[in-house]
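Please examine the sequence and the model below. The paragraphs that follow are meant to be read alongside them.

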Amino acid sequence: QVQLVESGGGLVQPGGSLRLSCAASGFTFSRYAMNWYRQAPGKERESVAVISSGGGNTNYADSVKGRFTISRDNAKNMVYLQMNNLKLEDTAMYYCNAHRDLLARDYWGQGTQVTVSS
């Protein structure tokens, strides 16, 4: 069965750092682009970062560019989001997503909470 399991969230002060991890299983991980999405209460889910299936291309939302870094390890079926210089507006539930264009297929994790508070 397909599983995406996020970890690494928590409570941090503004300016702090966290690294989120997502462990994937049950599908051919190396064929899927991987995304991190986030959703704050009362707001729509938004894409934060994306990495291509081979890891050669990345893209970021303007709000996190220069602060967040997405990476993946296809040998371990893992994707990561390094978050530095966290801001109050980064507070959200963060979700791991796997996407394959060929099949228009998406898989989702259950999310991990990130709270930035002073």
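Phe-29 has a relative accessible area of 2% and is therefore buried, where buried means under 20% relative accessible area, exposed over 50%, and partly exposed in between, with a 1.4 Å probe and protein chains only. The structure is a predicted model, in which local features need pLDDT of at least 70 and side-chain atom pairs count only at pLDDT 80 or more, whereas totals for chains, interfaces and linings use all residues. Residues are numbered from 1 along each chain as its sequence is written, and side-chain values use heavy atoms, with hydrogens and water left out.

The ring of Phe-29 forms a tilted aromatic pair with that of Phe-27, the centres being 6.3 Å apart and the planes at 55°. Rings of Phe, Tyr and Trp (for Trp, the six-membered ring) pair if their centres lie within 6.5 Å; planes under 30 degrees apart count as stacked, over 60 as edge-to-face and the rest as tilted. Phe-27 has 13% relative accessibility and so also counts as buried. With Tyr-32, Phe-27 makes an edge-to-face pair, because the planes stand at 75°, with 4.8 Å between the centres. Both partners of this pair, Phe-27 and Tyr-32, are buried. Ring pairs join Phe-27, Phe-29, Tyr-32 and Tyr-107 into a cluster, and the model has 5 aromatic pairs by this rule.

Charged groups also meet aromatic faces. Arg-72 lies over the face of Phe-29, 4.4 Å from the ring centre; the criterion is that NZ of Lys or CZ of Arg is within 6 Å of the ring centre and within 35 degrees of the ring normal. The charged end of Arg-45 is placed over the ring of Tyr-95, at 4.2 Å from its centre.

Tyr-95 is also among the contacts of Asn-35. Leaving aside residues up to four places away in sequence, Asn-35 touches Ser-47, Ala-49, Val-50, Tyr-95, Cys-96, Asn-97 and His-99, contact meaning heavy atoms within 4.5 Å. Asn-35 belongs to strand E4; helices (H or I, at least four residues) and strands (E, at least two) are DSSP runs numbered from the N terminus. At a relative accessible area of 8%, Asn-35 is buried.

An open sheet of 4 strands runs in the order E1-E3-E8-E7 with antiparallel pairing, two strands being paired if DSSP finds at least two bridges between them. Its edge strands are E1 (3–7) and E7, each of which pairs on one side only. From one strand to the next, the twist averages 15°. Within the sheet, E3 and E8 pair in the antiparallel sense over 6 bridges, and Leu-18 has Met-83 as its bridge partner in E8.

Met-83 returns in the largest nonpolar core, which has 30 residues; Leu-4, Trp-36, Val-79, Leu-81, Met-83 and Tyr-94 touch the most other members. Such a core is a set of buried Ala, Val, Leu, Ile, Met, Phe, Trp, Tyr and Cys residues joined through side-chain atoms within 4.5 Å. Strands E3 (18–25), E4 (33–39), E5 (46–51), E7 (68–73), E8 (78–83), E9 (92–100) and E11 (112–116) each give two or more residues to this core.

Two loop residues have a positive phi without being glycine. Asn-85, with a phi of about 50°, is in the loop between E8 and E9 and is partly exposed at 42% relative accessibility. Ala-104 likewise has a positive phi of about 50°; Ala-104 lies in the loop between E9 and strand E10 (105–108), and its 64% relative accessibility makes it exposed.

Definitions and conventions: Axes are lines fitted to C-alpha atoms, for helices over the stretch in contact, and angles run from 0 to 180 degrees between N-to-C directions.
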